[in-house]
Structure formats: C-alpha cells, structure tokens
Amino acid sequence: LFQEEGINQHNFEKKVTGLKKHRLVEPMDRLEDRMCKKHNRLLELFCQTEQECVCLLCTEGDHKSHPVVPLKEEYEVKSALLGKIEADVQQMIQERKLKIKEIKDTVEYRRSHT
Ligand SMILES: [Zn+2]
Ligand SMILES: [Zn+2]
C-alpha cells in the first residue's frame with residue numbers, strides 16, 4: 001500500500017510540472033508588447049547585443065551592426081532552458097524524497113524486526 005501511494009504522488013507531481021511547463025511556453029498575450037513602438041511593426045527578431053525584441057526595420061537602422069535571431073527561436077531556446085532547469089530541480093526534489101523514504105523504510109524495517 002505504501003508503495004502505491006508513492007507512485008500516485010509521483011504521477012501527481014509530474015502532472016503539476018507539466019502544467020507549469022505549459023505556462024512557460026505560452027506566447028506573449030498583449031499585442032502591444034509585440035509591436036515595435038518606433039516602427040509600429042511586429043517584433044519578430046531578437047537583438048542579441050541589447051537582449052531585446054526588434055522589428056525588421058530596426059535591424060536596418062539602430063541595430064544594423066547587431067546580431068539578431070528570429071524571435072521565435074530565441075524564445076524557444078529560453079523556454080527549453082527554463083524547462084530543463086525546472087526538470088533538474090524536480091528531479092533533485094524527487095531524489096531527496098526517495099532518500100528520505102529509504103531512510104524511513106529502513107527505520108520502519110528495523111523497528112518491526114527487532
Ligand atoms: Zn522597429
Ligand atoms: Zn541591437
């Protein structure tokens with residue numbers, strides 16, 4: 001019975017983590033945040049020098065000498081990175097929990113067998 005409980009708990013946490021991850025990859029929802037205030041164009045590029053979103057016309061002007069990447073790509077890399085960090089943390093928590101459970105089990109075992 002104890003074992004089964006552990007599995008259910010694990011599945012539940014997996015689901016929660018999955019939901020959190022889903023939130024991270026949600027696109028920016030306010031349209032004005034995705035428009036260039038200078039050129040009134042969609043911000044579809046990301047300036048790596050200034051770490052900000054730029055539009056196509058920006059790359060022809062202020063950001064002409066700056067390396068830019070398509071915004072979607074940069075966004076996905078960052079999301080993937082965040083997802084990975086979260087997964088690592090979750091794994092660490094799981095491992096720690098397992099360790100504690102192991103210790104508890106050992107104590108229980110010793111108690112019932114002495
Ligand atoms: Zn612009
Ligand atoms: Zn720039």
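Predicted model: local features only at pLDDT ≥ 70, side-chain atom pairs only at ≥ 80, totals over all residues.
Buried residues make up 6% of the 114 residues, and, of the contacts with a separation of 6 or more, 28% join residues 24 or more positions apart.

Next, select the strands, which form an open sheet of 3 strands in the order 2-1-3 with antiparallel pairing. The edges are strand 2 (52-54) and strand 3 (68-70), each of which pairs on one side only, and the twist averages 40° from one strand to the next. Zoom in on strand 1 (residues 45-47), which pairs with strand 2 in the antiparallel sense over 3 bridges; within this pair, Phe 46 stands opposite Cys 53.

Now show the side chains of Leu 45, Phe 46, Cys 53, Val 54, Cys 55, Cys 58 and Val 68, the 7 residues that make up the largest nonpolar core. Strand 1 and strand 2 are the elements that give two or more residues to this core.

Finally, centre the view on Phe 46: which residues is Phe 46 in contact with, leaving aside its neighbours within four places in sequence? Those contacts are Cys 53, Val 68, Val 69, Leu 71 and Glu 74, and Cys 53 is also the residue in strand 2 that stands opposite Phe 46.

Terms used:
Residues numbered from 1 in each chain as written. Chains lettered and ligands numbered in written order. Pairing = 2+ DSSP bridges. Helix = DSSP H or I, 4+ residues; strand = E, 2+ residues; numbered from the N terminus. Axes fitted to C-alpha atoms, helices over the stretch in contact; angles between N-to-C directions. Core = buried A, V, L, I, M, F, W, Y, C linked by C-beta atoms within 7 Å. Buried ≥ 20, exposed ≤ 12 C-beta atoms within 10 Å, placed from the backbone. Contact = placed C-beta atoms within 7 Å.
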